[in-house]
Amino acid sequence: MKFFVDTADVAEIRSLVGTGFLDGVTTNPSLIAKSGRKMSEVIAEICALTDGPVSAEVTATDHETMLKEGRYLRGIASNVCVKVPLTEAGLRTCKVLSEEGTPVNVTLCFSANQALLAAKAGATFISPFVGRLDDIGQDGMGLIADVVQIYKNYAFKTEVLVASIRHPVHVLQSAKLGAHVGTMPPAVIRGLMKHPLTDRGLEAFLADWAKTGQSIL
Ligand code: E4P
């Protein structure tokens, strides 16, 4: 399973690069707004930090302008993945960009039928939002199970990118279901490393080691 970080905070991304488990980055207009920076500059900086796909989202709602924005964003760096919303215009744009060889991430997916349409439009990634479904009392992970199964049934190449991940259990469940990718905030990625028994064990090892008076080097 690939791990993407969902942020436009360049310092956070820089600190995760080199850990060996960061495979890409996703952003959205809200995250770019939060960064307070010009989108093209932030995306260029992020793309220089990683070879993995960096999702940059269009903000137009009509097909023609989405296409222009998508081509512009793709021109920023060769690892830009254009993100489009799951609307009719977004799917049309996905089809054209995909045929041109541009990877497309179809976002704001909340149903398995939407995911089916994105795969038919040639999407590289489909982003079902689990946390936002959970927030309204629906079963986010149930959607992931459905999409994984449907894509398998028809051997679609579109990868299931679990989005709106809020906690480590979402990551565990996504991995068990065979989702290809999970995108999550930096805090969730860091949370995956933590276990109280790891901390307690290390503390005891180091206390015992100190008593020996030895040093390895
Ligand atoms: C993914 O591409 C989205 O940017 C993200 O996962 C949305 O997460 P949120 O629902 O926590 O805002």
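A polar contact here is a pair of N or O atoms within 3.5 Å. Keep that cut-off in mind as you look through these close-ups of a predicted model.

**Figure 1. Asn28 reaches an oxygen atom of the ligand.** A polar side-chain atom of Asn28 sits 2.7 Å from that oxygen. Because the cut-off is 3.5 Å, the pair counts as a polar contact.

**Figure 2. Asp6 and Arg166 also place polar side-chain atoms by the ligand.** For Asp6, the distance from a polar side-chain atom to a ligand oxygen is 2.9 Å. For Arg166, the corresponding distance is 3.1 Å. The ligand taken alone would expose 340 Å², and the protein buries 85% of that area.

**Figure 3. A shell of residues surrounds the ligand.** Here you can find Asp6, Thr26, Asn28, Lys83 and Phe129, together with Arg132, Ala163, Ser164, Arg166 and Thr183. Sorted by type, the shell holds four charged, four polar and two nonpolar residues.

**Figure 4. The ligand takes up the space of the largest pocket.** This pocket has a volume of about 250 Å³. Its lining is made of 16 residues, and those nearest the pocket centre are Asp6, Asn28, Phe129, Arg132 and Ser164. Two elements each give two or more residues to the lining: helix H2 (29-35) and strand S8 (181-184).

**Figure 5. The lining of the largest pocket, viewed by residue type.** Six of the lining residues are nonpolar, six are polar and four are charged.

Note on methods: Residues are numbered from 1 along each chain as its sequence is written. This is a predicted model: local features need pLDDT of at least 70, side-chain atom pairs count only at pLDDT 80 or more; totals for chains, interfaces and linings use all residues. Side-chain values use heavy atoms; hydrogens and water are left out. A residue is near a molecule or strand if one of its heavy atoms lies within 4 Å of it. A polar contact is a pair of N or O atoms within 3.5 Å; within protein, one must be able to donate a hydrogen and the other to accept it, and residues adjacent in sequence count only if both atoms are side-chain atoms. Accessible areas come from the Shrake-Rupley method with a 1.4 Å probe; for residues, only the protein chains shown count as cover. On a 1 Å grid over the protein atoms alone, a cavity is a set of points where a 1.4 Å probe fits but cannot get out, and a pocket is an open set with protein on both sides within 12 Å along at least five of seven lines; lining residues have an atom within 4 Å of a point. A molecule sits in a cavity or pocket if more than half of its atoms lie within 2 Å of its grid points. Ala, Val, Leu, Ile, Met, Phe, Trp, Tyr, Cys and Pro count as nonpolar, Asp, Glu, Lys and Arg as charged, and the others, Gly among them, as polar. Grid points are joined across faces, edges and corners, and a volume is the space filled by probe spheres set on the points. Helices (H or I, at least four residues) and strands (E, at least two) are DSSP runs, numbered from the N terminus.
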